[in-house]
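Please look over the sequence and the structure shown below before reading on.

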Amino acid sequence: MSQLDHQVHSIGPEVAGSRIFKFIAFLYGIAAYLVFFVTILYAIGFVMGLVVPKTIDTGTDTPTAEAVIINLLLMTLFAVQHSVMARQRFKAWWTQFVPKPVERSTYVLFASLSLLLLFWQWRPLPTVVWDVGNPDLAVTLVTLSFAGWVLVFTSTFIINHFELFGLHQVTNHLVGKETAPPRFKTPLLYKFVRHPIYLGFIIAFWAAPVMTAGHLLFAAVTTLYIFVGIALEESDLVDLFGDEYRQYKQRVSMLIPWRRSV
Ligand SMILES: C[S@@+](CC[C@H](N)C(=O)[O-])C[C@H]1O[C@@H](n2cnc3c(N)ncnc32)[C@H](O)[C@@H]1O
């Protein structure tokens with residue numbers, strides 16, 4: 001455990017320990033998870049232009065420069081929230097006010113809300129960058145994009161879906177079970193690539209038969225952010241797991257699965 005972890009202060013045990021608080025925290029965790037689940041389903045429709053009322057290519061007609069600025073601000077808001085609130089230092093600070101058992105659920109809720117704001121206020125940039133005329137190739141790209149989303153979902157279950165999205169923590173708190181400290185693991189896909197979830201997002205965002213300027217802006221900026229996020233995340237992982245993670249970085253590639261770890 002890093003030195004910082006020991007500085008993590010949570011709401012007094014007398015508060016967090018009460019039965020009613022545990023139950024309220026559990027319900028809060030369930031609610032935050034459901035908001036996340038609706039958000040990620042909406043994200044699939046938003047990016048792929050399917051089913052949902054507001055997609056990446058629909059919305060208020062806006063002059064190009066204004067649309068780009070608004071969209072960049074929306075993505076920056078998400079990136080700052082998603083990265084700053086994930087850092088140990090931030091967690092050490094805000095768990096003075098947010099009880100530790102619901103810290104992850106609150107993080108997930110904030111991330112979901114910033115994404116829903118992005119979906120709602122996103123300005124379309126309809127200029128077509130590419131439009132794949134060949135129907136077979138178009139179907140292949142749509143299938144590839146779906147495969148990217150499947151890779152995201154399956155990888156979250158491989159690494160620990162319910163811990164990632166806060167349910168594990170509030171359930172353990174409800175039943176009075178300690179949440180185990182983070183453990184380094186390389187299950188299944190993680191033996192081939194260090195970041196299969198992020199690889200899934202990249203595939204899902206770029207595999208589009210019709211790529212508009214708005215979709216391209218979204219894919220390019222989110223891909224850039226993914227690399228920034230990986231750098232921050234791996235710095236934390238080296239702090240947490242030391243040489244074990246350093247050797248893992250040597251053995252297994254970041255995003256392109258080309259060799260299996262020994
Ligand atoms: C949203 S997940 C993304 C995981 C990975 N970057 C990916 O793309 O599949 C981020 C969380 O997974 C944790 N994590 C990433 N790789 C890990 C590993 N090999 N073992 C244990 N935890 C890991 C990070 O500490 C972070 O809390």
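## The second largest pocket

How much space lies in the second largest pocket? In this model, which is a predicted one, the second largest pocket holds about 190 Å³ of space. Its lining is made up of 16 residues, and those that lie nearest the centre of the pocket are Val47, Met48, Gly49, Ala208 and Pro209.

Two helices, α2 (residues 19–48) and α6 (residues 135–159), each supply at least two residues of this lining, and the largest share, 3 residues, comes from α6.

## The surroundings of the ligand

Around the ligand there are 13 residues, of which Lys185, Tyr190, His195, Ile197 and Glu233 come nearest. The residues of this shell divide into 8 nonpolar, 1 polar and 4 charged.

Which elements give two or more residues to the shell around the ligand? They are α9, which spans residues 196–206, and α10, which spans residues 213–241; the largest share of the shell, 3 residues, comes from α9.

At Lys185 the backbone takes part, with one of its polar atoms 2.8 Å from a nitrogen atom of the ligand. At Tyr190, by contrast, the side chain is involved, and a polar atom of that side chain lies 2.6 Å from an oxygen atom of the ligand. For His195, an N or O atom in the side chain is 2.6 Å from a nitrogen atom of the ligand.

How much of the ligand does the protein bury? Taken alone, the ligand exposes 570 Å², and the protein buries 82% of that area.

## Trp94 in helix α4

A further residue to look at is Trp94, which is found in helix α4, a helix that covers residues 88–94. Is Trp94 buried or exposed? Trp94 counts as buried because its relative accessibility is 5%, and the cut-off for a buried residue is under 20%.

The position of Trp94 can also be set against that of Leu117, which is 23 residues away along the chain. Between the C-alpha atoms of Trp94 and Leu117 the separation is 23 Å.

Definitions and conventions
Residues numbered from 1 in each chain as written. Predicted model: local features only at pLDDT ≥ 70, side-chain atom pairs only at ≥ 80, totals over all residues. Heavy atoms only, no water. Near = heavy atom within 4 Å. Polar contact = N/O pair within 3.5 Å; in protein donor to acceptor, adjacent residues only side chain to side chain. Areas by Shrake-Rupley, 256 points an atom, 1.4 Å probe, with all protein chains shown as cover. Helix = DSSP H or I, 4+ residues; strand = E, 2+ residues; numbered from the N terminus. Nonpolar A, V, L, I, M, F, W, Y, C, P; charged D, E, K, R; others polar. 1 Å grid on protein atoms, 1.4 Å probe; cavity = no way out; pocket = protein on both sides within 12 Å on 5 of 7 lines; lining within 4 Å. Points joined across faces, edges and corners; volume = space filled by probe spheres on them. Buried < 20%, exposed > 50% of the residue type's maximum accessible area, 1.4 Å probe, protein only.
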